[in-house]
Amino acid sequence: MFGKASSSQLSVSLGGSGALSHVYIQHPPLRCSIPGSKGLFYDDGNKLILSPTSDQVFSWKTVPFASHVAPTSDSISEGPVLSIRYSLDSKLLAIQRSNHEIQFWNRETGETFSQRCRSETESILGFFWTDCPKCDIVFVKTSGMDLFSYDSETKSLHLVETKKMNVSWYVYTHESRLILLASGMQCKSFTGFQLSSAGMIRLPKFEMAMAKSEANNKPVLAAEDVHIITVYGRIYCLQVDRVAMLLHSYRFYRDAVVQQGSLPIYSDKIAISVVDNVLLVHQVDAKVVILYDIFADSRAPISAPLPLLLRGFPRASSSSSRTGNKDTDGSEANDRSDHETIIYGDNWIFLVPDLICDVAKRLLWKIHLDLEAISASSSEVPSVLEFLQRRKLEANKAKQLCLAIVRTVILERRPVSMVTRAIDVLVTSYSNSIKTGSYFKGIKAEKPPTSDVSNVNPPTSVVDESIRREDALGKSIKHGSASGVENESINRSPAFSVSDSEENVSFENSNHLRSLGAKADRENFKVAESSQSEVQKLSLQSQLLGPSNSPLNANYSENLESQVTSAAISPDEMYSCVFASVEEEMAGDPAYFVTIVIEFLRSANVERIKVHPNIYVLTVQLLARHERYAELGLFIINKILEPSKEVALQLLESGRQNIQTRKLGLDMLRQLSLHHDYVLLLVQDGYYLEALRYARKNKVTTVRPSLFLEAAFASTDPQHLAAVLRFFSDFIPGFKNTADHIAYCRILNEMNSSITA
Amino acid sequence: MGLSSANTVVNEGFQFCIFDLRRGQHEGQELDKILFFYPADLPFSTQLSVIGLSEGLITFTRIFSPEAACEVIEAERHSHVFHQAEPDIWMVMVVEKSKESDAIWRIDALRRVLKEVHSLFVMFHGSIRSLLDKEPSGELVRSHLYAFIMDYLSAFQKRSPWDICCCDFLVGKKIKLPSFRDCLKERGTVQMLTVGREAALEVQSLVRVLESCAGNAPCYSLVLFQDLLVSTTLSPDDTINLFTYAVLRLAPNALLSRASSWSYLRKGNTASQIAAASVMASSGSVSEQFYGSRDTSPHGGERSHVVRPLQHNKWYKGTDGFLVTDIWGPEVGSMVSATPTVLLHQTEERMYLCVYQHKSLTLILLFPISSILNGEQGISVVKQQIVENASLKMLKVEEKLSKGWGGENAYHVGGYRYLLVDGDRNVSRASPPGKVTTLTKESLISLSNLREEIDLEKSRAKWDDPDHEKDLEICIRAKNNAWVIARTTRGKELYMVLEKANETLLFASDAIEKFSNRYCSGAFSLD
């Protein structure tokens, strides 16, 4: 069944990428319908969808997302379920039974115990498990927060700490480890805590801005108006201001909360998703979604508002060719009614960060970005490339798109300044990825690229097969981003220790990278010495408020980034996928192409990236073919084309028509101390005496004496021949007994006798 | 010891003529073959006898060597240097030999002067033959040649001491020629600035931007820093010509004199014209008739303007950073000066010449006339494009090059006085002139003689086996105990004077080995 489904989807998705939409959800969804279910719960700590029935709780993994995941189940006792979450080590299950009681199950032993509020005046608003070292679970109550740790021996909770305050409601996301507690009449005063593995950080109290509609009418902020999002490892809070029709954003730092500006909204109901660090603002009433990439300070949307597309839905797909389509029957026909999905229906709940849950139909959708559509929608090539380079989820696709875009702009002979900026973007991005180490992780996951990396197949390897799943499409292989519980708990630890600065993170990575780089056997990349200053510079850039306000980290994201293949493009790939292929198609005047190569070299040089010699060889070929020897000479002398054996040989080859160029090649061989080749070529060119002198000086013994003798013989100068013979007799022991010696002695005698005669 | 005083002053003994063997072959029309003669006030009979002797020798030697006739005649008191500039058009220079007045010449150096003046002339006016074809009377070519060569020979007092290769020859009425004191220079080569890879990439990036400003037309560029070449996209011959011209008239040093005497010149061009005219007047009334007065030469109803690109102090920096000149006269019907044009040797295409200068950086840009549609208007559009697109890059490049430049003595190597010539690339590098002047006369004369020998050897080898370049090494112990060394290998030549060297030859060859390894990437270290 799945095979059939995926094949039909493939065709759809290929056609569908041209549709007017930048974001899509892929059919089929994950179906979470269980008879007798009491509702759906999302456990974002473990990324599970939970569906309790009267005596069981079913759970589906949402990461990696697949429509065919089978649920696992635990049995529970009967009772109301207000909220339900597994502990982070999955050993305990906690169920909030009422406003005053939370019940715990030990999954291994089946034992249970309950924890209640001490007084009747306070009620439990919710709870969450945490990996904070001092506690395991946090209860949020109207009177404040209770931090408990679980004692596995006594099988009970111990109160570690209580934070007293009035709480109207709270927001928590596990990916940010941040809890915001709202208080006050308008619920716009906030206290925040980050409970990360590094410990607990209390954020300064802050107020959110709210416009007043009328003098006496003060709007009250609701929990659904506040969203905590994590993009590029930074934590933001987005607040919907319904009166002003604005979405205010705040960024969290360790000791400050800074308002970052506002985005306009066009709908009363707003939902927020984050896919691959892109912020999606769903204008639910208008049924469109606006994309923002808040990496830079710019608050401009990536593109115009467009609807969310449902891809691969059988009815939708067959609409154009309905008559001939007989595939959409059978098993699919049964649950077609089930599939009547209303985009932005009332039953949709948006889960952090990128899931949509249709509560009524018990469906779970995952939101995807359509990178092709996004890149096709903008003509501003450098910014599109920047956007694509930042994508991690579909890194391979982003990479291929980048390569295609660069190829196109060069072939279309766009203005040099624009192509230059585009190349700068790619080179800078590659350089950054090397510094942070994500590129090497990518390589490790793939395979060490060989010099001719023209293969663009999706990489397959055994290394992390476990966290990879073929997604329903079956056409691309994707890394699971937040790959399950075990993986995350490993990743968490180093990054969590950080909140004080990003530098540590960077150092971690670069250290890590050093060993990786060696392993990957790529000596070209001079990463290891990624100096302290460089790293600090990097972190300074990302700190808007300077060192005193180091940003709060969204802990694991840095590490996650390095898990997946990066979209960065190495110089080798630039050569094989851009320059080599473009050069074939570009006929005529090489000036434009040479310009582009120069810009690429300049850019690479600025970033201290080593370039593949093939690019130099290509440039030499090109200049020589168009007889621009003067420029070629200049390039070689100034080392714009760096010396290497490949370049030298190409110069010799191209120098067949131009002796000066050939000499440049010879000189380069000499400078590279490629003695054997140098001597051989000297002999070939008839400079056998010079070759002999050079051979003696540099102790080259690998060139056969007969070559010298032949050359000397060809010159028809008996003195020279005699000199060469004498040389070998003197310097090569045993030469006198060789056939060469005897033969040439005879020849020499004949020559002498013919002269005297 | 200043450089200008070091140059030998020739007065009476110097003669310079250009003649066409195809003209004036009939009795009574002999004057017709003379295209140029210096000094012009010499009686025609004397002029004709000089030319007659040369012609006779050429005819005689052609019997034995039709390809390359006469190169030089060494008489007891004179040397005649021959150069066939174009088929049947010969340039002959006669210099007097004299021990007292330092008049010791190296023939090849003199011949290179002839070559240089001719190729510069062709660059601006086209070949002599084409001018003759255009106007068979010879009036046109004579007036052009006269103005051009007089300008070429004319004086230029304010020379910066590190000006290496191109000096003007006329001091007042006296002409100074390259003598033995200039034996550590090579005319007809360019001097390059050594740049690092990063700067080179920046320069290339700038060059590409500049070339893209002309649209799709093939455009060439030359980038100079001070008096040194940084980048070129021209063919070697054209590079040499434009480089020579740029160093003579366009480089910041060449412009300096104008800036310093600004007020004087602003008063009116009359002053400089008087100066120029006085040079002409000094050459006497004969020339007035023969070469045609510059101002009144009658060429039908056409504009009779003779363009004199080598005139001094005619270039100055415009407000937009481009250098402007009125040498090419005003554009028809406007006050704007016409844009200069030059003829490229390689493509034989006429190009507009635009020069941009920012501090020490000089950019020379050539656009084909055929590709720019509206003439001056089109040029100003291109200029605007350049200012818009490339200004930032130029600032950056200038800054980078200035930072990396070691000053006038950047290429001085302590203990050595050297000249390094790369014949394949027409590039030379030498000890700074200020350092060369510290050498004694003996050393210089021996080096000059040694070079003479090498020149001879080279030309012999060229006839023997044009495909095979010989290695050559000569070390001489001069009278003053200095080592004078020449070494050539596969198109590269190294000349060296070591005055404070040790006694032994071993030491000398050791020194040369060290030099070769350090500064020539081992090109001269063969054993």
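## Salt bridges in the predicted model

The structure contains 61 salt bridges over all chains, a salt bridge being a side-chain nitrogen of Lys or Arg within 4 Å of a carboxyl oxygen of Asp or Glu. This is a predicted model in which local features need pLDDT of at least 70 and side-chain atom pairs count only at pLDDT 80 or more, while totals for chains, interfaces and linings use all residues. Residues are numbered from 1 along each chain as its sequence is written, and side-chain values use heavy atoms, with hydrogens and water left out.

## Pairs within chain A

Asp276(A) and Arg391(A) form a salt bridge whose closest N and O atoms are 3.6 Å apart. Asp276(A) lies in the loop between strands S23 (270–275) and S24 (278–283), and Arg391(A) in the loop between helices H6 (381–389) and H7 (395–411), so the pair ties together parts of chain A that are 115 residues apart in sequence. Helices (H or I, at least four residues) and strands (E, at least two) are DSSP runs, numbered from the N terminus. Both Asp276(A) and Arg391(A) are buried (under 20% relative accessible area; exposed is over 50%, partly exposed in between; 1.4 Å probe, protein chains only).

A salt bridge also joins Arg602(A) and Asp424(A), at 3.8 Å from N to O. Arg602(A) belongs to helix H15 (residues 591–606) and Asp424(A) to helix H8 (residues 416–436) of chain A; the pair therefore links parts 178 residues apart in sequence. Arg602(A) is buried at 9% relative accessible area, whereas Asp424(A) is partly exposed at 24%.

## Contact between chains and a network

Asp471(B) pairs with Arg693(A) in a salt bridge, the closest N and O atoms being 3.6 Å apart. Because Asp471(B) lies in the loop between helix H14 (441–464) and strand S18 (472–477) of chain B, and Arg693(A) in helix H21 (residues 688–698) of chain A, the pair joins two chains.

In chain B, a network of salt bridges links residues including Arg106(B), Asp108(B), Glu186(B), Arg451(B) and Glu493(B).

Notes
Chains lettered and ligands numbered in written order.
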